[in-house]
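Reader: Can you walk me through this one? Keep it quick.
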Amino acid sequence: MRSAHPDGTRVRVGGVEVGGRGFVVMAGPCAVEGAEQLELSARAVAHAGAHLLRGGVFKPRTSPYAFQGMGEPGLKLLVDAGRRHGLPIISEVMETEQLPLMAQHADILQVGARNMQNFGLLRALGRLRKPVLLKRGLSATVQEWLNAAEYILAGGNEQVILCERGIRTFETAMRNTLDLAAVAWAKEKSHLPVIVDPSHATGIPSLIAPMSLAAAAAGADGLLIEVHARPEQALCDGQQALSPEDFASLMRRLPGVLAAVDRHLWTPAGPAQIAGAR
Ligand code: PEP
Ligand code: MN
């Protein structure tokens with residue numbers, strides 16, 4: 001509960017802090033597909049100013065016949081790309097059995113929407129001392145989302161970040177419905193950092209920038225965005241991936257909105273350095 005931690009929890013990940021005044025952007029492809037694809041995408045997001053590199057190696061696909069991710073070899077590529085570009089990495093863990101490998105190499109363990117109430121997995125994550133990004137379930141209420149986070153916190157792991165990624169509603173024009181009020185609500189009720197994934201929330205590249213700016217204005221602590229060097233060739237979620245150019249353009253527009261809500265893009269130096277004051 002927020003009242004128990006009035007200053008809010010800050011999650012430290014490889015020198016980056018999520019939950020303070022600094023706004024943190026995690027970006028990269030939906031899935032790691034190969035060395036070249038990952039390198040081009042990682043280079044693009046690093047140059048544009050992203051703070052973490054994302055990339056799924058275990059993919060929760062709707063069809064069992066769709067590309068399921070590269071597994072361990074993909075994780076090695078992700079680790080190497082993160083090191084090359086100086087970015088900590090975030091990747092999804094789908095099953096408890098994957099935890100030893102993922103916990104050893106990933107800087108943030110992502111729990112996908114479909115696993116939000118996988119209580120065995122949540123309990124196992126609670127026993128670790130590693131940052132966890134908990135996505136909101138496709139049909140989960142905000143209270144169920146916070147209760148799921150509680151399973152991790154109750155085990156003693158306090159490094160939890162919440163992620164709103166859109167929910168199922170009667171609306172079909174977009175992949176999901178981005179619930180920005182849930183972000184403001186979660187920030188009010190919970191002490192945990194809350195970030196927004198506008199990629200899965202909309203499924204439409206042209207909506208990602210406006211929803212990212214809106215998320216920043218609504219008080220989110222960061223973003224998780226899918227960026228692919230060649231979206232048309234992607235093996236997973238290419239139709240919603242931002243091109244490197246569109247991602248760079250969004251990164252240039254974020255500081256203006258953040259300044260209006262007394263925030264700034266995260267930098268190691270902190271706000272004083274950016275403002276050139278104090
Ligand atoms: C993802 O981040 O690629 C993903 C599968 O997201 P979600 O769990 O929100 O569908
Ligand atoms: Mn995806």
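Reader: Glu 226 and Asp 237: buried or exposed?
Author: Glu 226 is buried, and Asp 237 is too. Buried means under 20% relative accessible area, exposed over 50%, partly exposed in between (1.4 Å probe, protein chains only). This is a predicted model: local features need pLDDT of at least 70, side-chain atom pairs count only at pLDDT 80 or more, and totals for chains, interfaces and linings use all residues. Residues are numbered from 1 along each chain as its sequence is written, chains are lettered from A and ligands numbered from 1 in the order written, and side-chain values use heavy atoms, without hydrogens and water.

Reader: Which protein donors does the manganese ion (ligand 2) have?
Author: Cys 30 (SG), His 200 (NE2), Glu 226 (OE) and Asp 237 (OD), at 2.0 to 2.4 Å. Donors are N, O and S atoms within 2.8 Å of the metal (3.2 Å for Na, K and Ca); water is not among the atoms, so sites may look incomplete.

Reader: Where do Glu 226 and Asp 237 lie?
Author: Glu 226 is in strand E10 (residues 222–226), and Asp 237 is in the loop between E10 and H9, so the pair ties together parts 11 residues apart in sequence. Helices (H or I, at least four residues) and strands (E, at least two) are DSSP runs, numbered from the N terminus.

Reader: Is Cys 163 buried or exposed?
Author: Buried, with a relative accessible area of 0%. Cys 30 counts as buried as well, at 4%.

Reader: What follows H1?
Author: Gly 49, with a positive phi near 105 degrees.
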